[in-house]
Amino acid sequence: MQNYTSKNTSVNTTRVPAIYNKVCWDKLPEGVRVLDWGCGKDTTLTSGMLEKHGLVHVGYDPNWKSEGDNKQADALLGKAEVFVCSNVLNVIDDDNIVKDICNKAFQHKYFFITVYEGDKSGIG
């Protein structure tokens with residue numbers, strides 16, 4: 001069990017996570033599925049931005065997504081063309097879980113992982 005919950009670290013409700021501005025999404029063919037592992041509380045802006053490029057956003061988050069949404073996302077492991085993990089690994093204090101998520105990323109043709117250290121408080 002983690003020393004603190006990562007539930008309150010979902011901070012991007014007014015803008016897309018920074019990682020999404022670092023990828024040339026228009027270079028991917030339409031219909032590509034983007035599996036966002038640990039997508040956070042509100043994915044409306046991220047989904048909308050990807051839809052403008054003809055891409056499909058599917059989010060997984062044990063704190064914020066429904067069981068059905070998470071099952072749908074889990075079913076895309078190794079099948080989605082793109083795997084994104086933004087500011088997730090930095091809030092997990094179990095090395096085995098970090099390794100598991102990295103192994104999930106390696107199953108995809110493209111994967112993008114970022115971490116943000118913040119103020120080391122475990123919040124935000």
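**Contacts, fold and side chains**

Tutor: Among contacts in the protein between residues at least 6 apart in sequence, 69% join residues at least 24 apart. Contact means heavy atoms within 4.5 Å.

Student: What should I know about the source?

Tutor: This is a predicted model, where local features need pLDDT of at least 70, side-chain atom pairs count only at pLDDT 80 or more, and totals for chains, interfaces and linings use all residues. Residues are numbered from 1 along each chain as its sequence is written, and side-chain values use heavy atoms, with hydrogens and water left out.

Student: How many helices and strands are there in the protein?

Tutor: Three helices and four strands. From the N terminus on, they run β-α-β-α-β-α-β. These are DSSP runs, numbered from the N terminus: helices are H or I with at least four residues, strands are E with at least two.

Student: What percentage of the residues count as buried?

Tutor: 39% of the 124 residues. Buried means under 20% relative accessible area, exposed over 50%, partly exposed in between (1.4 Å probe, protein chains only).

Student: Switching to aromatics. What is the count of pairs?

Tutor: Five aromatic pairs. The rule takes rings of Phe, Tyr and Trp (its six-membered ring) with centres within 6.5 Å; planes under 30 degrees apart count as stacked, over 60 as edge-to-face and the rest as tilted. Take Tyr-20 and Trp-25: their ring centres are 5.5 Å apart and their planes at 25°, so they are stacked.

Student: Is Tyr-20 buried or exposed?

Tutor: Tyr-20 is buried, at a relative accessible area of 1%. Trp-25 is buried too, at 3%. Tyr-20, Trp-25 and Phe-112 form one aromatic cluster.

Student: New topic. Where is His-108?

Tutor: In the loop between helix H3 (95-105) and strand E4 (110-114). His-108 is buried, at 5% relative accessible area.

Student: Which backbone atoms does the His-108 side chain reach?

Tutor: The backbone nitrogen of Gly-78, at 2.8 Å. The His-108 side chain also reaches the backbone oxygen of Lys-104, at 2.9 Å.

Student: And which residues does His-108 touch?

Tutor: Not counting residues up to four places away in sequence, those touched include Leu-35, Leu-76, Leu-77 and Phe-83.

Definitions and conventions. Polar contact = N/O pair within 3.5 Å; in protein donor to acceptor, adjacent residues only side chain to side chain.
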